[in-house]
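The sequence and structure are shown first.

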Amino acid sequence: MRLSSQPSSALPCRGAAEHRGNKVAIVYNQPVPCSYVGIGEDKAVISILEGVVAAHRALDELGYKVTIVPLLPPVEHARDLLKALDTDLVFNLFEGFDDRPKTEATIAGMMSELGFTYTGCSAAALALGLDKAKVKDLMRAHGINTPDYQVLTPETVSQFHLNFPCIVKPSRQDASHGLSADSVVSDQASLERQVTGVSRAFGGEALVEEFVDGREFNVTVMGNDEVTVLPISEIVYELPPGMPRVLTYAAKWEEDTPYFDGTTVDCPAEIGVEESAMILQTAVALFRLVVKHGYARADMRLDSEGKIQVLEVNPNPDITPGSGAARQASAASMTYPQFIEKLVSMARHKTTA
């Protein structure tokens with residue numbers, strides 16, 4: 001295994017596509033009105049369009065012939081569109097239909113069945129990554145630290161046995177959906193209220209875990225048999241007193257809010273050699289365990305004893321130019337087109353394991 005925090009010295013430039021099949025189809029979910037609108041969380045859905053534009057521009061600069069393929073439900077219609085594609089590679093930006101995140105893995109599975117080469121993670125990795133509790137079970141079984149947790153519903157919340165404070169999250173969502181200052185709870189009444197709210201808004205179980213309030217880091221790992229680890233980012237909070245240090249939905253998507261204004265990113269993170277090594281080793285172990293090939297972001301915090309506690313792992317994270325993954329690629333001296341070409345190159349060489 002080659003472990004690197006820098007890009008390859010032989011990254012392709014414009015014209016790289018000329019020596020291989022150069023037709024690329026960008027496949028993504030066309031935003032439509034959905035239940036996220038009702039809870040005021042539709043900006044994360046619409047943001048996919050920014051990623052499509054940026055990837056198109058980068059692929060064009062690299063010399064590829066690009067086709068844009070928006071997908072809409074039902075799934076059978078999406079399959080028909082994919083079957084009709086004439087392309088050498090699919091650049092996969094599909095994040096799931098509307099508020100049905102499970103379809104992210106469904107579409108990736110279709111791409112595999114249809115014999116497409118596509119960027120990013122496999123259907124199995126996407127499905128596993130979406131099930132936060134199952135990933136935490138897997139981490140525990142393999143000796144990777146993660147905060148104590150339970151999966152609860154309004155009917156089972158009386159079985160709560162963790163230590164306060166806790167954070168309550170949707171168990172099968174991403175993009176910080178459902179996360180706010182109210183997500184951190186310190187008593188039974190607040191816990192019950194938050195579990196009920198999450199269950200109603202997202203139609204499922206709530207993941208409740210003991211809240212770790214130490215320094216927060218994330219790191220992107222990308223590759224196949226060999227992996228590249230991009231520079232570590234730290235989420236820095238400068239919030240008004242009483243506001244929990246959480247990367248909320250507002251911190252990511254709602255400008256002119258205390259969370260958006262009070263949450264910044266340092267990349268590369270100012271961190272000691274020992275802590276850096278722990279984060280990198282943990283990130284690679286997670287990648288090998290959950291993802292295997294493609295690209296993913298691992299989110300972690302330091303606990304009161306200085307140990308790394310993994311919050312979650314995100315296969316196929318956001319790669320728009322302002323995203324954490326793109327920021328880390330830039331810190332590793334990659335231009336955005338080089339970052340996009342790296343994802344294409346990995347897709348062409350990925351294993352089937």
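Contact here means heavy atoms within 4.5 Å. The model is a predicted one.

By this criterion, and leaving aside residues up to four places away in sequence, Val 27 touches Val 69, Leu 71, Leu 82, Leu 85, Val 90, Phe 91, Asn 92, Leu 93, Phe 94 and Met 111. Val 27 belongs to the largest nonpolar core, where Val 27 and Ile 107 touch the most other members. Helix α11 (residues 273–291) supplies the largest share of this core, eight residues. In soluble globular proteins, nonpolar side chains tend to be buried together.

| Core | Residues in core |
|---|---|
| Largest nonpolar core | 48 residues |

The largest cavity holds about 130 Å³. Its lining consists of 14 residues, and Ile 48, Leu 93, Glu 95, Pro 317 and Asp 318 are the closest to its centre. By class, the lining of the largest cavity comprises six nonpolar, five polar and three charged residues.

Four strands form an open sheet in the order β5-β8-β6-β7, and their pairing is antiparallel. Strands β5 (149–152) and β7 (184–185) lie at the edges, each pairing on one side only. Strand β6 (residues 166–170) runs antiparallel to β7 and is joined to β7 by two bridges. Within this pair, Cys 166 stands opposite Val 185 of β7.

Definitions and conventions
Residues are numbered from 1 along each chain as its sequence is written. This is a predicted model: local features need pLDDT of at least 70, side-chain atom pairs count only at pLDDT 80 or more; totals for chains, interfaces and linings use all residues. Side-chain values use heavy atoms; hydrogens and water are left out. On a 1 Å grid over the protein atoms alone, a cavity is a set of points where a 1.4 Å probe fits but cannot get out, and a pocket is an open set with protein on both sides within 12 Å along at least five of seven lines; lining residues have an atom within 4 Å of a point. Grid points are joined across faces, edges and corners, and a volume is the space filled by probe spheres set on the points. Ala, Val, Leu, Ile, Met, Phe, Trp, Tyr, Cys and Pro count as nonpolar, Asp, Glu, Lys and Arg as charged, and the others, Gly among them, as polar. A nonpolar core is a set of buried Ala, Val, Leu, Ile, Met, Phe, Trp, Tyr and Cys residues joined through side-chain atoms within 4.5 Å. Buried means under 20% relative accessible area, exposed over 50%, partly exposed in between (1.4 Å probe, protein chains only). Two strands pair if DSSP finds at least two bridges between them.
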